[in-house]
Amino acid sequence: MDMNEKNIEEIVKQVLQGMTPKAVNSVTKTTGGAIPLKSKAAMLTALEKYEIKEFPIPNIGDDDILVKVEGCGICGTDAHEFKRDPFGLIPLVLGHEGTGEIVKMGKNVKKDSAGKPLALGDKIVTCMIFKDNPDITMFDLNKQNVGGADVYGLLPDDEIHLNGWFADYLVVRGGSSVFNVSDLDLDSRILIEPAAVLIHAVERAKTTGILRFNSRVVVQGCGPIGLLCIAILRTMGIENIVAVDGEQKRLDFARELGAEKSVNFKDHKGIEALAEGVKNAFGGYLADFAFQCTGSPVGHSNIYKFIRNGGGLCELGFFINGGDATINPHFDICSKELTVVGSWVYTLRDYATTFDFLKRAKGIGLPINKLITHRFPLSQINEAHQTNLRMEGLKIAIINE
Ligand SMILES: [Zn+2]
């Protein structure tokens, strides 16, 4: 009797010892925790009004991925939707600058859009959804940019509901572009989408043949877009960068991110004086190339005056219609023989380039993570958007708890 009891005790002990570590391992390795039956999602139900709703997490199909959201940046597009709903999408779950961890995936999901293997626990971002145009591949640089394609966070509501990144979970459906970005930290991953806009702009600028290592480059507008532009130029090895803005705090940050000099337009009365200020910052020369990163028509009119004869301009500030701008075609473009390119959103290929930029920027010590100035939990999403509308910070992010 005694022996038997002791034996059983021993056996139970051994079994428990053997089981405990295995059980822990299997949880962290496979799902990162149990998947709940429902997911919270911040649904924009009216202008300037998010409601936190709960939706059942649906079955994941053979080509689908369930992502546990870690965070998502608030974009200018989200601000427009929040204030005016220009796309007529209300009610919807917004958030397209998001990232998270794969917690469940269908049996057909093996690789990401760049051919990298995908596994449970990997950190991913999504790009375009190609439901109408499945033949676009990321290495077709000349194929269309994301404009006109669907992205998670700007989809009409449907029976799945978990369509945007301002939620605890997102259902990534087959046919979506997905990238494995497990080697980037959370801040970098949140900055991928806005940074891709600038990678695209710089690629567009390079088509002019004017942008070179020793070019003098002026970047007008030091919001997140202009600041990322400066960081990318610096990472490419362009050092002679002058930043132009009206806010000293932003200009100081532009210097931290790689601008050599800065010009506060409030210090100069009129465009002639401002152009002189830019020229002085370059040591008596006008810029070889300019990036226009404000949404202001006056900003567009002004920028021509900063550029030398034979120089180039990339206009990327007008994501939405900001109205007409006045220029003098004779002085500003024709007699100067200026090369002007426009840039809007990005291609899939730019996404892959962006991952390398983010690693290199960190490598050369650019503090790009400081672009994220405010972090809010999902439950405070209304407050986060109001803070964004007050333009108190740079990039404002929802960080899930
Ligand atoms: Zn965006």
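Author: Two residues are in contact if their C-beta atoms, placed from the backbone, lie within 7 Å. The model here is a predicted one.

Reader: Among contacts between residues at least 6 apart in sequence, what share joins residues at least 24 apart?

Author: Take the contacts in the chain between residues at least 6 apart in sequence. The share that joins residues at least 24 apart is 70%.

Reader: How many of the chain's residues count as buried, as a percentage?

Author: A residue is buried if 20 or more other C-beta atoms lie within 10 Å of its own. The chain has 401 residues, and the buried part is 43%.

Reader: How many helices and strands are there in the chain?

Author: Both kinds of element occur in the chain. The count is 11 helices and 17 strands.

Reader: How do helix 2 and helix 11 lie: roughly parallel or roughly perpendicular?

Author: Helix 2 covers residues 76–84, and helix 11 covers residues 381–389. Their axes come within 10 Å and cross at roughly 105°. Angles of 65 to 115 degrees count as roughly perpendicular. Therefore helix 2 and helix 11 are roughly perpendicular.

Reader: How many bridges join strand 1 to strand 2?

Author: Strand 1 covers residues 38–46 and runs antiparallel to strand 2. A46 stands opposite K49 in strand 2. The number of bridges is eight.

Reader: Is T45 buried or exposed?

Author: T45 is found in strand 1. It has 12 other C-beta atoms within 10 Å. A residue with 12 or fewer is exposed. So T45 is exposed.

Reader: Which residues is T45 in contact with, leaving aside its neighbours within four places in sequence?

Author: The contacts of T45 are a separate list. They are E51, I90 and P91.

Reader: What form does the peptide bond from I90 to P91 take: cis or trans?

Author: P91 is found in the loop between helix 2 and strand 4. Most peptide bonds are trans. From I90 to P91, omega is near 0°, and the bond is cis.

Reader: What is phi of E48 near?

Author: E48 lies in the loop between strand 1 and strand 2. It counts as partly exposed, because it has 13 C-beta neighbours inside 10 Å. Most residues other than glycine have a negative phi. Phi of E48 is positive, near 55°.

Reader: Where is E337?

Author: E337 has a positive phi near 50°. With 9 C-beta neighbours inside 10 Å, E337 counts as exposed. Its place is in the loop between helix 9 (329–334) and strand 15 (339–342).

Reader: Which residue with a positive phi follows helix 5?

Author: The phi in question is near 100°. The residue is G237.

Reader: Which residues point the other way from Y169 and V171 in strand 8?

Author: In a regular strand the side chains alternate between the two faces of the sheet. Strand 8 covers residues 169–172, and Y169 and V171 point one way. All four are buried, and those that point the other way are L170 and V172.

Reader: Which residue of strand 8 does K68 stand opposite?

Author: Strand 3 (residues 65–73) and strand 8 run antiparallel, with four bridges between them. K68 stands opposite Y169.

Reader: How many residues of strand 5 are buried?

Author: Strand 5 covers residues 97–105. Eight bridges join strand 3 to strand 5, and V69 stands opposite G100. Strand 5 is largely enclosed by the rest of the structure, because its buried residues number seven of the nine.

Reader: Which residue in strand 6 is the bridge partner of E101?

Author: Strand 5 and strand 6 (residues 123–129) pair in the antiparallel sense over two bridges. The partner of E101 is K123.

Definitions and conventions. Residues numbered from 1 in each chain as written. Predicted model: local features only at pLDDT ≥ 70, side-chain atom pairs only at ≥ 80, totals over all residues. Axes fitted to C-alpha atoms, helices over the stretch in contact; angles between N-to-C directions. Parallel < 35°, antiparallel > 145°, perpendicular 65-115°, else oblique. Pairing = 2+ DSSP bridges.
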